[in-house]
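Subject: Structure handover

Hello,

Here is the structure I promised you. Please open it next to this email and look up each residue as you read.

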Amino acid sequence: MLIQFSQLGRRIGDRWLFRDLTMSVRAGDRIGIVGPNGAGKSTLLRCIAGDDSPDEGNLSRPRETRIGILRQEIDPRLEHSVHTEAAHALDRLDRLEQELRQLEAQMTESGERNEAVSATVASRYDRVHSEFEQGGGYDREARVARVLAGLGFDEAARARPLKSFSGGWLMRVELAKLFLADPDMLLLDEPTNHLDLPAIQWFEEAIQDFPGALLVVSHDRTFLKRHVGRVVDFDGYGRATVYEGRYDRFLKQRDERREQLLAQKANQDRQIAQMERFVDRFRAKSTKARQAQSRIKALEKIERIEIDDGPRRAMRMRIPAPQRSGEQVVVLDEIHKAYGDHVVYEGLSERVIRGERVALAGPNGAGKSTLLRILAGVLPVDRGERTLGHNVQAAFFAQHQLESLDTSRSVLEELEADAHIEDAPRIRGQLGAFLFSGTDVDKKISVLSGGEKARVALAKLLLRPSNLLVLDEPTNHLDIESCEVLEEALASYEGTLVFVSHDRAFINALATRVIEVLPGQVKDFPGNYTDYLNAKERGERSKSKTSETTQNIPGGSRPLASDRQEPAPSTTPPKTAARPKVSRNEQRERRKKKDRIVRKISRIEETIQEQEEALRQLDWRLGDPAVYADPVQVAAVQSEQQTHREQIDALYADWERLSDELASVEDLLAD
């Protein structure tokens, strides 16, 4: 056990962020933490890391447990290189190496004096050397380079000073330090916010290989679906509920739990109403007074089931219907753009057609934001022409707009500053749709969270109708519900959309075309993000087959006409080694083994369903007011829940092992 929470609670002023959170974390756990902005997700991470303290309950962990938390700040003025900063995570190995050198010097001195090395020095040397070797001391420089490369730092970038990088890239350095430090538990707050799509792919591979526990706050639905095995849901009303199983299962369980609570509350409300009617009717009658008083006492003891009156409060976004534009919305012709000596585009030609939803993909630094800003018309080009189509009205959203909000203004004043006279009647309604109602509209921009600022910027952008929306990372800082609302609104938007996003679910839901931006070139792919990945994979397979074929052509691979020189001498292609034949008996045994594994997997799946049904029944019991009011019964139910969860974890581990074994057997049968 790495950490244990028991009845944990934290509040701000008189408002509880969460209460009664009970959960254990073990090595290998992958726990997603979700909920609306401001509900307490990041606060929980800070409590676990020791940066904050709970107001009630217990949080315990073994002293030797090493925790790594992704810090949201790093000094941007540091002069030393990225490589040097990342290598600080391995300072422990540097100290061990220094001790080894000292011990070796002592051993050398003993040899020079023809003295035996003391047992203490020899024993200490063996222990330090073993720890240094097992910790990867001999390849630590290569490890640093490998992790930084995975996060997008090439050799030149690794040598640059930290102060030359933006905040997003500095966060990548912090992420690199976390992986290099190899803690027992990783605490990550929106780690994919600052990663491009290739870096997210590397990050996911690193997570799969990480042996410790992971607790991650994220609005990246694709990441949650792929990697999370348990979910802690903060509802924004002071409750944090733990759900076993993957993210898709959590969504279903959450809906089922809400229906159960509503049914229990309706039943309780009926009982209370009956008791109150009895009291009102018979309180004054002497023959019924004792029974009425008994019911009054019973009413006072009832633990009322409280539930919010509707679905979680979320944005209600509606994009105004724009005027129809011409067929060609934006045309780029022979665009040249450079920053000093760094040429980004040289002769780029592209066009966006009415109704298209174009996503730009590719690594950071390749030119996605530059292309997006050129398309939006906010960045001048060096040569070439950008032509806007007939009746096109463009609106541009970028992350820097959050910083450009006037911090001295209120939320209402910020929208009024850019609004036209005819917009005035709609401003408060627009703010209400973006969750700023009542006195919220009088909040100063300076006190808003990142998510609140993003909502203000979006509210400003969508106040007036535009038939071309150009969006740069619009889902950053938004919680999952807000991302889904934005996604639905854009899906029904009648204009043309061009956007950059690292949210793969968002791209999949919206894109009709993907432009891959690579250094010095762009490539077009029809379809959404999945279609784009499939096309790239087919291209890689085709290249691989072409490469294999050309290697077997006499004379090797065929050069381009412009590069063709004297033909190479003919060679005989190598013979492919014959695959050893498998006997019928061996194949029959493999099929039998496959059948045995399939039966075992089927039994495990049935047992998992039984265990999860038992967990649901225990959830029902905890919702019973009579049980909930009795601490002894609550403790017994929670202990039983923990037993079932541990059994489910063990069953899933067996299921994964057998699934891998089944895949191996099926591969052998296919040979």
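A salt bridge here is a side-chain nitrogen of Lys or Arg within 4 Å of a carboxyl oxygen of Asp or Glu. By that rule, the structure has 33 salt bridges. Keep in mind that this is a predicted model.

**Salt bridges**

Side chains of opposite charge can pair when their charged atoms come close. Start with Arg-101 and Glu-104. Their closest N and O atoms are 2.9 Å apart. Both residues sit in helix α3, which covers residues 91-112. They are 3 residues apart, or about one turn of the helix. Arg-101 is partly exposed, at 39% relative accessibility. Glu-104 is partly exposed as well, with a relative accessible area of 26%.

This pair also belongs to a network. Salt bridges link Asp-94, Glu-97, Arg-101, Glu-104 and Arg-140.

Next, find Asp-406 and Arg-409. They form a salt bridge, with the closest N and O atoms 3.5 Å apart. Asp-406 is partly exposed, at 27% relative accessibility. Arg-409 is partly exposed too, with a relative accessible area of 28%.

Now go to Glu-414 and Lys-460. Their side chains meet in a salt bridge of 2.9 Å, N to O. This pair links distant parts of the chain, 46 residues apart. Glu-414 is in helix α14 (residues 411-418), and Lys-460 is in helix α16 (residues 450-461). Is Glu-414 buried or exposed? Glu-414 is buried, because its relative accessible area is 1% and the cut-off for buried is under 20%. Lys-460 counts as partly exposed, at 23% relative accessibility.

**The nonpolar core**

In soluble globular proteins, nonpolar side chains tend to be buried together. The largest nonpolar core in this model has 90 residues. Which residues have the most contacts inside it? They are Phe-153, Leu-188, Phe-203, Leu-469, Leu-490 and Phe-499. Helix α7 (residues 167-181) gives the largest share of this core, with 9 residues.

Take a closer look at Phe-499. Setting aside neighbours within four places in sequence, Phe-499 touches a list of residues that includes Val-358, Ala-359, Leu-360 and Leu-372. Leu-471, Phe-506, Ile-507, Leu-510 and Ala-511 are also among its contacts.

**Helix α17**

Helix α17 runs over residues 480-491 and has 12 residues. From its first C-alpha to its last, α17 reaches 16 Å. That is close to the 16 Å expected at 1.5 Å a residue. Of the 12 residues in α17, 9 are buried, so the helix is largely enclosed by the rest of the structure. Among the buried ones are Ile-480, Cys-483, Val-485, Leu-486 and Leu-490. Glu-481 and Glu-487 are buried too. At the start of α17, a side-chain oxygen of Asp-479 comes to within 3.3 Å of the backbone nitrogen of Glu-481.

**Asn-528**

Where does Asn-528 lie? Asn-528 is in the loop between β18 (521-526) and α19 (529-552). Asn-528 is buried, with a relative accessible area of 18%. A polar atom of its side chain lies 3.2 Å from the backbone nitrogen of Thr-530. Leaving aside neighbours within four places in sequence, Asn-528 is in contact with Ile-507, Asn-508, Ala-511 and Val-514.

**Aromatic pairs**

A pair of aromatic rings is described by the distance of the centres and the angle of the planes. How many aromatic pairs does the structure hold? It holds 9. One of them is Phe-179 with Phe-203, an edge-to-face pair at 5.9 Å centre to centre, with 75° between the planes. This pair links distant parts of the chain: Phe-179 is in helix α7, while Phe-203 is in helix α8 (residues 197-209), 24 residues apart. Phe-179 is buried, with a relative accessible area of 15%. Phe-203 is buried, at 0%.

Phe-525 and Tyr-532 have ring centres 5.1 Å apart and planes at 75°, so this pair is edge-to-face. Both Phe-525 and Tyr-532 are buried.

Finally, look for a cluster. Phe-179, Trp-202, Phe-203 and Phe-223 form one aromatic cluster.

Best wishes

Notes:
Residues are numbered from 1 along each chain as its sequence is written. This is a predicted model: local features need pLDDT of at least 70, side-chain atom pairs count only at pLDDT 80 or more; totals for chains, interfaces and linings use all residues. Side-chain values use heavy atoms; hydrogens and water are left out. Helices (H or I, at least four residues) and strands (E, at least two) are DSSP runs, numbered from the N terminus. Buried means under 20% relative accessible area, exposed over 50%, partly exposed in between (1.4 Å probe, protein chains only). A nonpolar core is a set of buried Ala, Val, Leu, Ile, Met, Phe, Trp, Tyr and Cys residues joined through side-chain atoms within 4.5 Å. Contact means heavy atoms within 4.5 Å. The expected span of a helix is 1.5 Å times one less than its number of residues. A polar contact is a pair of N or O atoms within 3.5 Å; within protein, one must be able to donate a hydrogen and the other to accept it, and residues adjacent in sequence count only if both atoms are side-chain atoms. Rings of Phe, Tyr and Trp (its six-membered ring) pair if their centres lie within 6.5 Å; planes under 30 degrees apart count as stacked, over 60 as edge-to-face and the rest as tilted.
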